[in-house]
Amino acid sequence: MVRLRLGPSEDIAKLYIMEKSDARAAQISAEVAEWIKFSLTELELFCKKYEEEEKKEVEKVIQRYLPLKDLVWEQLHALEAQHGTPNGTKPVYVETDV
């Protein structure tokens, strides 16, 4: 009956059927409900765009802290050259790509 009242076009109105006994259905927040109206293709595009933005932000953080990383390594090596290592042990430094 609802479909008949709304008309045949899903572009104008979409229906989502949930069982009354499904406790999760009652817990869907308004924020989540807003995303239900998008098609799977649209949601995949949103996710792809989000991942691209996330990668850009990660790269910004890496670039921001690379000079500090280099400075810390320089200081460690300088301290080692000046004072040696505690107990005469050989230092173990593991440099990473990040």
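I looked up Phe 46 to begin with, and at 38% relative accessibility Phe 46 counts as partly exposed, where buried means under 20% relative accessible area, exposed over 50% and partly exposed in between, with a 1.4 Å probe and protein chains only. I note that this is a predicted model, in which local features need pLDDT of at least 70 and side-chain atom pairs count only at pLDDT 80 or more, whereas totals for chains, interfaces and linings use all residues. Residues are numbered from 1 along each chain as its sequence is written, and side-chain values use heavy atoms, with hydrogens and water left out.

**Ring pairs**

I searched the whole structure for aromatic pairs and found three; rings of Phe, Tyr and Trp (its six-membered ring) pair if their centres lie within 6.5 Å, and planes under 30 degrees apart count as stacked, over 60 as edge-to-face and the rest as tilted. The rings of Trp 35 and Phe 46 have centres 5.3 Å apart and planes at 85°, so I recorded this pair as edge-to-face. The pair links distant parts of the chain, with Trp 35 in helix H3 (residues 30-36) and Phe 46 in helix H4, 11 residues apart; helices (H or I, at least four residues) are DSSP runs, numbered from the N terminus. The rings of Phe 38 and Phe 46 are also edge-to-face, with their centres 5.1 Å apart and their planes at 85°. Ring pairs thus join Trp 35, Phe 38 and Phe 46 into a cluster, in which Trp 35 is partly exposed at 45% and Phe 38 is partly exposed at 26% relative accessibility.

**Helix H4**

I then followed H4, which has 44 residues and reaches 62 Å from its first C-alpha to its last, close to the 64 Å expected at 1.5 Å a residue, the expected span being 1.5 Å times one less than the number of residues. A kink of about 35° lies at Tyr 65, shortly before the proline Pro 67, where the bend is the angle between axes fitted to the seven residues ending there and the seven starting there. Just after H4, Gly 84 takes a positive phi of about 75°.

**Salt bridge**

How many salt bridges does the structure hold? I found one, formed by Glu 57 with Lys 60, whose closest N and O atoms are 3.3 Å apart; the criterion is a side-chain nitrogen of Lys or Arg within 4 Å of a carboxyl oxygen of Asp or Glu. Glu 57 and Lys 60 are separated by about one helical turn because they are three residues apart in helix H4. Glu 57 is partly exposed at 45%, whereas Lys 60 is exposed at 53%.

Note on methods: Helices (H or I, at least four residues) and strands (E, at least two) are DSSP runs, numbered from the N terminus.
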